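Subject: Structure handover

Hello,

Please open it first, then read the notes below it.

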Amino acid sequence: MTNVENWRALLSGRNTDEVVTKALVRDVQLPYGAGTMALITLDNGFDHTKPNTFGPNGLFALNGALSEIAERTDLAAVGVTGKPFIFAVGADLKGAAALSTREEALAIGALGHHVFRRLGELAIPSFAFVNGAAMGGGLEVALHCTYRTISSGVPAVALPECFLGLVPGWGGTQLLPRLIGPAKAIKLVIENPLSQNRMVKGKEAYELGIADAMFEPADFLEESLRWAARVVKGELAVERPAHDEDWDKTVADARFLVDMKLRGASPAPYRALDLIAQARTASRDEGFAAEDEALADLLMGDELRAGLYSFDLVQRRAKRPAGAPDRSLARKVTKVGVVGAGLMASQMALLFARRLEAPVVLTDLDQARLDKGVGYVHAEVDKLLGKGRVSADQANRLKALVTGSLTKDAFADADFVIEAVFEDMAVKKQVFAEVEAVVSAECVLATNTSSLSLTEMGAGLAHPERLVGFHFFNPVAVMPLLEIIRGAATDDATLATAFAVGKSLRKSSVLVKDAPAFVVNRLLTCFMGEVVTAVDEGTPLEVAEHALDGLGLPMSPFALLQLVGPAVGLHVAETLHEAFPDRFGVSENMAKLVAAGKPGVYRPDFTLDPEAVALFSGGTSPSTAEQVRERVLAALAREVRIMLDEGVVAAPQDIDLCMILGAGWPFHLGGITPYLDRTGIARPRFLSPGVASLPA
């Protein structure tokens with residue numbers, strides 16, 4: 001039996017739900033008399049909402065098409081493109097999760113290499129015409145081709161495997177660094193996936209050197225064929241720059257940064273770095289074999305299953321928020337009011353203006369604060385213009401949309417008013433009383449509170465049913481989560497409007513019960529509280545600070561405190577202590593830190609401030625790092641269980657989603673509830689039967 005037959009026998013029936021991407025071949029006469037091109041169109045038979053992916057049957061289909069092409073003697077070139085708006089987005093993830101043995105995992109890696117490399121090893125040149133999204137194995141198909149063109153309208157080019165606990169396993173770690181250099185390759189293979197799975201667009205991919213030419217979407221294929229014809233005829237020589245950077249130093253520097261971010265918590269980025277390092281000297285066969293081995297190891301590991309669970313949350317559950325009312329109840333929002341003109345309020349104003357394209361008016365107590373807030377918005381718009389993110393006309397329009405007023409009368413015709421003032425119940429109640437006096441009866445009133453009760457906040461309103469929690473995370477433009485809180489009186493129309501606005505803002509919204517500190521802040525305060533208590537008891541701050549490094553969290557506890565500010569952290573702790581005095585304490589030493597005016601325990605250069613550290617001294621019962629870790633995780637497990645019993649969210653998956661999108665809980669841990677289950681910390685199990693198949 002040939003290798004292909006062996007792979008077919010081994011992988012046949014492994015994923016019966018595979019949506020097969022077909023390789024449809026047609027002959028195209030190239031312009032300028034350059035000859036015939038066999039043009040392969042990748043198409044799974046669905047529209048762009050179900051992108052092309054590669055499972056075993058899709059790979060066999062492409063292999064069959066290439067075999068027929070290889071036998072022909074009348075062709076000048078072969079081309080590969082995708083269906084409208086989609087090139088291909090990589091491996092079939094359902095199929096990857098269905099692999100049960102390392103032999104199967106090795107087979108899928110070797111099969112992909114065998115098929116894709118044929119594109120670069122034919123007797124005729126091959127061209128990838130990247131007309132739409134190209135991710136993972138889709139991008140690797142293009143990398144195997146001799147030449148590449150890309151549409152300027154391509155919305156996403158990426159190698160996201162490390163985001164899921166894998167490595168690019170079909171040539172990406174070997175071909176990309178040789179094409180564009182190791183530094184740029186590391187950016188796509190490691191840095192972008194670890195930065196909330198950032199994608200690049202067509203123009204940036206071209207500028208990075210991934211594509212040899214770029215054309216506009218309207219006539220992309222026609223122009224690509226003209227360009228290919230000139231290359232085939234020898235009229236156009238494609239020149240690619242040499243990469244003289246220090247390969248070893250580049251990889252070593254990247255490894256240091258990965259250590260800083262993950263502290264060894266996830267194996268995938270480290271395996272990817274090893275492969276990129278090997279690409280400098282390895283033959284194609286050696287490099288591809290190393291990818292096969294790494295892919296097989298990771299496909300059989302816990303991190304992949306955890307990553308796929310996380311991926312499913314952000315791709316599916318986040319788009320269908322549990323408990324959200326019928327969208328038909330939502331009211332139209334044509335003008336937004338923002339109470340306050342501080343940093344958070346100004347960030348919100350810019351986001352509303354950009355996404356809703358509606359007028360936004362800020363109010364504050366004096367002209368200086370107002371000017372500062374509006375000025376911030378205008379300065380951020382100028383930055384967007386400078387980066388080419390908006391045109392000059394768009395920049396002028398955005399600036400015109402955001403204005404300021406010293407009186408709340410400017411909210412008279414607003415449909416949605418949100419407050420972002422100091423986190424004090426009396427202040428917020430006064431604000432809403434003043435706003436309610438001037439707005440229409442249909443205007444939604446929203447609060448950006450991070451911990452206070454909506455029900456209490458709306459108790460004095462004439463229409464408390466239109467008050468809703470709309471909790472952003474900082475920085476507003478970057479963090480994808482929006483906690484939408486329903487108070488005791490909030491009606492469905494108000495809630496539906498909040499979800500509709502959240503969707504327009506491109507946020508992932510989760511419905512949360514009106515409970516102290518909601519989800520993210522409640523769990524982060526629990527987490528932080530246990531660490532601070534350990535320090536209060538005498539654990540050296542450095543020991544407690546790094547006790548949970550092994551999880552690969554985006555920030556250590558006291559670094560997080562530095563970001564949110566000790567005063568805010570203390571206030572949330574006090575709020576939760578008032579609600580749950582038996583579970584949430586208030587650190588006297590934290591209060592001392594706030595009273596001393598310290599921004600945290602770190603100096604601006606991020607070395608520890610001895611004066612701040614000294615405020616936490618005096619305890620006589622130190623813990624080890626392992627004891628601190630166990631203490632924190634046990635407290636989180638207890639609090640999650642209580643939150644689920646209280647119905648703070650509809651299901652464990654919503655807590656996982658909130659922590660992933662709002663607190664940066666690592667993808668490779670698979671959400672906080674399955675992690676606590678897998679490690680044996682939480683009993684009884686949190687997970688519903690639908691997700692209980694994660695590694696135990």
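Leaving aside neighbours within four places in sequence, which residues is Tyr-206 in contact with? They are Ile-150, Ala-211, Asp-212, Ala-213 and Met-214. Tyr-206 itself lies in helix α9. Its relative accessibility is 34%, so Tyr-206 counts as partly exposed. Leu-482 is 276 residues away from Tyr-206 along the chain, and their C-alpha atoms are separated by 34 Å.

Please keep in mind that this is a predicted model. The protein chain averages a pLDDT of 92, and 97% of the residues score at least 70. Residues 688-696 are a stretch with pLDDT below 50. Beyond near neighbours in sequence, that stretch has 13 contacts in the model.

Overall picture

The protein chain holds 29 helices and 17 strands. Its radius of gyration is 28 Å, close to the 26 Å that the globule rule gives for 696 residues, so the chain is as compact as a globular protein of that length. Along the principal axes, the C-alpha atoms fill a box of roughly 80 × 60 × 50 Å.

Buried residues make up 55% of the 696 in the chain. Among contacts with a separation of 6 or more, 75% are between residues 24 or more positions apart. The chain exposes about 28600 Å², and carbon and sulfur atoms supply 53% of that area.

On charge, there are 68 positive and 85 negative side chains. The centres of the two sets lie 3 Å apart.

Buried sites

Lys-83 sits in the loop between β3 (77-82) and β4 (86-88). Is Lys-83 buried or exposed? Its relative accessible area is 2%, under the 20% cut-off, so Lys-83 is buried. Phe-46 and Lys-83 are 37 residues apart in sequence, and 9.0 Å apart from C-alpha to C-alpha.

Helix α5 covers residues 137-144. Eight of its eight residues are buried, so α5 is largely enclosed by the rest of the structure. The buried residues of α5 include Glu-140 and His-144. Gly-137, Gly-138, Leu-139, Val-141, Ala-142 and Leu-143 are buried there too.

Tyr-147 is placed in strand β7 (residues 147-151). Tyr-147 has 19% relative accessibility, which is under 20%, so Tyr-147 counts as buried. Not counting residues up to four places away in sequence, Tyr-147 touches Pro-125, Ser-126, Phe-127, Ala-128, Asp-212, Trp-227, Val-231, Val-238 and Arg-240. Asp-212 is also one of the contacts of Tyr-206.

Ser-623 lies in the loop between α26 (610-614) and α27 (625-646). Ser-623 has 19% relative accessibility and counts as buried. Leaving aside neighbours within four places in sequence, its contacts are Thr-539, Val-543 and Val-628. The C-alpha atoms of Ser-623 and Ala-437 are separated by 55 Å, and the two residues are 186 apart along the chain.

Backbone points to check

Which peptide bond is cis? The bond that joins Asn-474 and Pro-475 is cis, with omega about 0°. Pro-475 is in the loop between β15 (467-471) and β16 (481-486).

Tyr-32 is not a glycine, yet its phi is positive, about 60°. Tyr-32 is found in the loop between β1 (22-30) and β2 (35-43). Its relative accessibility is 45%, so Tyr-32 counts as partly exposed.

Gln-196 is not a glycine either, and has a positive phi of about 55°. The place of Gln-196 is in the loop between α8 (182-191) and α9 (202-208). With 48% relative accessibility, Gln-196 counts as partly exposed.

Best regards

How values were computed. Residues are numbered from 1 along each chain as its sequence is written. Side-chain values use heavy atoms; hydrogens and water are left out. Helices (H or I, at least four residues) and strands (E, at least two) are DSSP runs, numbered from the N terminus. The radius of gyration is taken over C-alpha atoms; the globule rule is 2.2 Å times the number of residues to the power 0.38. Buried means under 20% relative accessible area, exposed over 50%, partly exposed in between (1.4 Å probe, protein chains only). Contact means heavy atoms within 4.5 Å. Accessible areas come from the Shrake-Rupley method with a 1.4 Å probe; for residues, only the protein chains shown count as cover. Lys and Arg count as positive and Asp and Glu as negative; His and the chain ends are not counted. The place of a charge is taken as NZ of Lys, CZ of Arg, CG of Asp or CD of Glu. pLDDT is the predictor's confidence in each residue, from 0 to 100.
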